[in-house]
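Visitor: I would like to learn how to read charged side-chain pairs in a model. Could you take me through them step by step?

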Amino acid sequence: MQFNEDAELDTSQVNDSRGVGGRVALGGGGLGIVGLIIYFVLSQLGGGVQLPSGSGFSDVGNGQQVGSEDIKTKCKTGADANREADCRAVAFINSIQAYWKDQLSRSGTTYQPAQTNFFSGSVQTRCGNASSAVGPFYCPADGQVYIDLTFFQELQTKFGATGGPFVEAYVLAHEYGHHIQNLLGTSDRVTQESGPKSGSVRLELQADCYAGAWANHATSVPTASGKPLITGVTQEDVANALDAAARIGDDYIQSKLGGGRVDTTQFTHGTSAQRQKWYTTGYQTGDPARCNTFDTDNLG
């Protein structure tokens, strides 16, 4: 996939605090693409997560700090997104938010923009403190997305995902799916429970479907400059996103990273097949209305 080199990027949607703070205790209350299950599984395997280097994103060492001004300086256009992974993340965020602003306006709802926070190691939020081990997440209490960008390398090194730029897009679009659920009041109606047909699973699968709906329209979503940021999405891009979805299903994580035993009573995000199904539903239809995972017994 490529970005329109002349399209402008809006870095005001991103706060970059990488290199600030240290590892802290895990808090609760956030909604994520992999969520707490990763934290507990990886803790059992080794007491924590070693963040890899060489992810393609600006690596931040001990005592170093990046900061939002650095992002603002280097991420100005789609040309920068084609060269720099950090800018690529900004471009995806711009496109996703522009899509949902348009979608909600069609139904008479005002879209409230959500800030995305890049962090390293740990972060403090209104949902509590969280370490990178929890994976990317959305905090309904402050309406913001949080991500340690080294997670994308984790998907490849620990989960065996193929990787690629559109995997990053899937992850970010999933988290913004939770933002839409928050704005529409969907997440307020779901209790914190686990199980194969639990509200938690349905919430996560809907966010996957919302991510697919954005992906369907990705090449036609205009930004503030009036030009679509993304000029092409290939079948390989879509296949890579589906591969990532399969690597973060509850069954896959439990069987491959958690000792081989699958306990459906502990499901909170859905199986690999379910995550692929609902992302595909969103992608093929391009219609968020088709993402109602709450009014069906057949989750896939």
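Visitor: Is Arg261 buried or exposed?

Guide: Arg261 is exposed, with a relative accessible area of 61%, where buried means under 20%, exposed over 50% and partly exposed in between, computed with a 1.4 Å probe on protein chains only. This is a predicted model, in which local features need pLDDT of at least 70 and side-chain atom pairs count only at pLDDT 80 or more, while totals for chains, interfaces and linings use all residues. Residues are numbered from 1 along each chain as its sequence is written, and side-chain values use heavy atoms, with hydrogens and water left out.

Visitor: How many salt bridges does the structure hold?

Guide: Side chains of opposite charge can pair when their charged atoms come close. A salt bridge is a side-chain nitrogen of Lys or Arg within 4 Å of a carboxyl oxygen of Asp or Glu, and the structure holds 10 of them. One of these joins Asp263 and Arg261, at 4.0 Å from N to O.

Visitor: Which residue forms a salt bridge with Asp80?

Guide: Asp80 pairs with Arg83, the closest N and O atoms being 2.6 Å apart. Because they lie three residues apart in helix 3, about one helical turn separates Asp80 and Arg83; helices here are DSSP runs (H or I, at least four residues), numbered from the N terminus. Asp80 is buried, with a relative accessible area of 11%, whereas Arg83 is exposed at 61%.

Visitor: Which residues are linked with Lys74 in a network of salt bridges?

Guide: The network links Asp16, Arg18, Lys74, Glu84 and Asp86. Within it, the side chains of Glu84 and Lys74 meet at 3.8 Å, N to O.

Note on methods: Helix = DSSP H or I, 4+ residues; strand = E, 2+ residues; numbered from the N terminus.
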